[in-house]
Amino acid sequence: MPGATENLQPLVLRPWFLTFNATLLRAVVAGAIFRTVRTRRAQDPQRLEREAAEKAVSESVATMDAAVSAKDAPRFFDAARHALQERLAAQWHIPASRVTIPEIRARLNGHGEEVAAVFKTADELAYSGKRFTAPDLQQWRDLVKSELQQITHI
């Protein structure tokens with residue numbers, strides 16, 4: 001008989017149709033979950049602060065490297081202080097402007113003398129005009145980068 005069907009089972013009960021719709025439903029649910037997570041992450045203020053601080057640290061490190069190449073000690077120490085301030089401020093959840101030598105000594109319990117030395121040298125350099133050689137700046141850069149790494153692991 002032409003046009004006759006062998007199976008009278010409705011389309012909605014056929015296994016391939018059920019599998020297809022279940023797969024589509026899973027995809028829609030997964031997409032909704034992914035979108036919700038992405039939206040929450042994008043609006044997380046702590047995450048945004050951390051990213052801004054890390055960007056500022058990276059920019060300051062790049063400025064430090066450029067200042068070492070140019071043998072520009074004032075610019076180097078300004079950038080070094082700024083990098084350390086940003087990293088510590090992010091760790092301590094305070095504004096970077098509050099990261100000062102007394103605050104460093106109080107919070108790091110005597111373990112922040114190298115960081116305090118960078119701040120102190122930056123202040124002295126601003127008023128004294130002291131000169132630094134390229135190897136001196138290299139040593140300071142290595143110290144600052146080491147301290148930035150250690151602060152990350154506090």
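**View 1. His93 sits in a loop.** His93 is placed in the loop between α3 and α4 (101-108). Helices are DSSP runs of H or I with at least four residues, strands are DSSP runs of E with at least two, and both are numbered from the N terminus. The structure is a predicted model, in which local features need pLDDT of at least 70 and side-chain atom pairs count only at pLDDT 80 or more, while totals for chains, interfaces and linings use all residues. Residues are numbered from 1 along each chain as its sequence is written, and side-chain values use heavy atoms, with hydrogens and water left out. His93 is not a glycine, yet its phi is positive, about 60°. The relative accessibility of His93 is 64%, so this residue counts as exposed. Exposed means over 50% relative accessible area, buried means under 20%, and partly exposed is in between (1.4 Å probe, protein chains only).

View 2. Lys71 belongs to the loop between α2 and α3 (73-92). This residue has a positive phi of about 55° although it is not a glycine. Lys71 counts as exposed because its relative accessible area is 56%.

**View 3. Helix α2 is shown with its buried residues.** Helix α2 has 26 residues, and the distance from its first C-alpha to its last is 37 Å, close to the 38 Å expected at 1.5 Å a residue. The expected span of a helix is 1.5 Å times one less than its number of residues. The buried residues of α2 include Ala53, Ala56, Val57, Ser60 and Val61. Also buried in α2 are Met64, Ala67 and Val68. The cover over the buried residues of α2 includes α1 (15-42), α3 and α6 (134-152).

**View 4. Arg47 is part of helix α2.** Helix α2 runs over residues 45-70. Arg47 has a relative accessible area of 16% and therefore counts as buried. Apart from its neighbours within four places in sequence, Arg47 is in contact (heavy atoms within 4.5 Å) with Arg41 and Ala42.

**View 5. Helix α5 packs against other helices.** Helix α5 covers residues 113-128, which is 16 residues. From its first C-alpha to its last, α5 reaches 21 Å, close to the 22 Å expected at 1.5 Å a residue. Buried in α5 are Val115, Ala116, Val118, Phe119, Thr121, Ala122 and Leu125. These buried residues pack against α3, α4 and α6. Gly129 follows α5 and has a positive phi, near 75°.

**View 6. The whole chain is shown for orientation.** The protein has six helices and zero strands, in the order α-α-α-α-α-α along the sequence. The C-alpha trace spans about 105 × 35 × 20 Å along its principal axes. The radius of gyration is 29 Å, whereas a compact globule of 154 residues would have one near 15 Å. This radius is taken over C-alpha atoms, and the globule rule is 2.2 Å times the number of residues to the power 0.38. Of the 154 residues, 30% count as buried. Among contacts between residues at least 6 apart in sequence, 57% join residues at least 24 apart.
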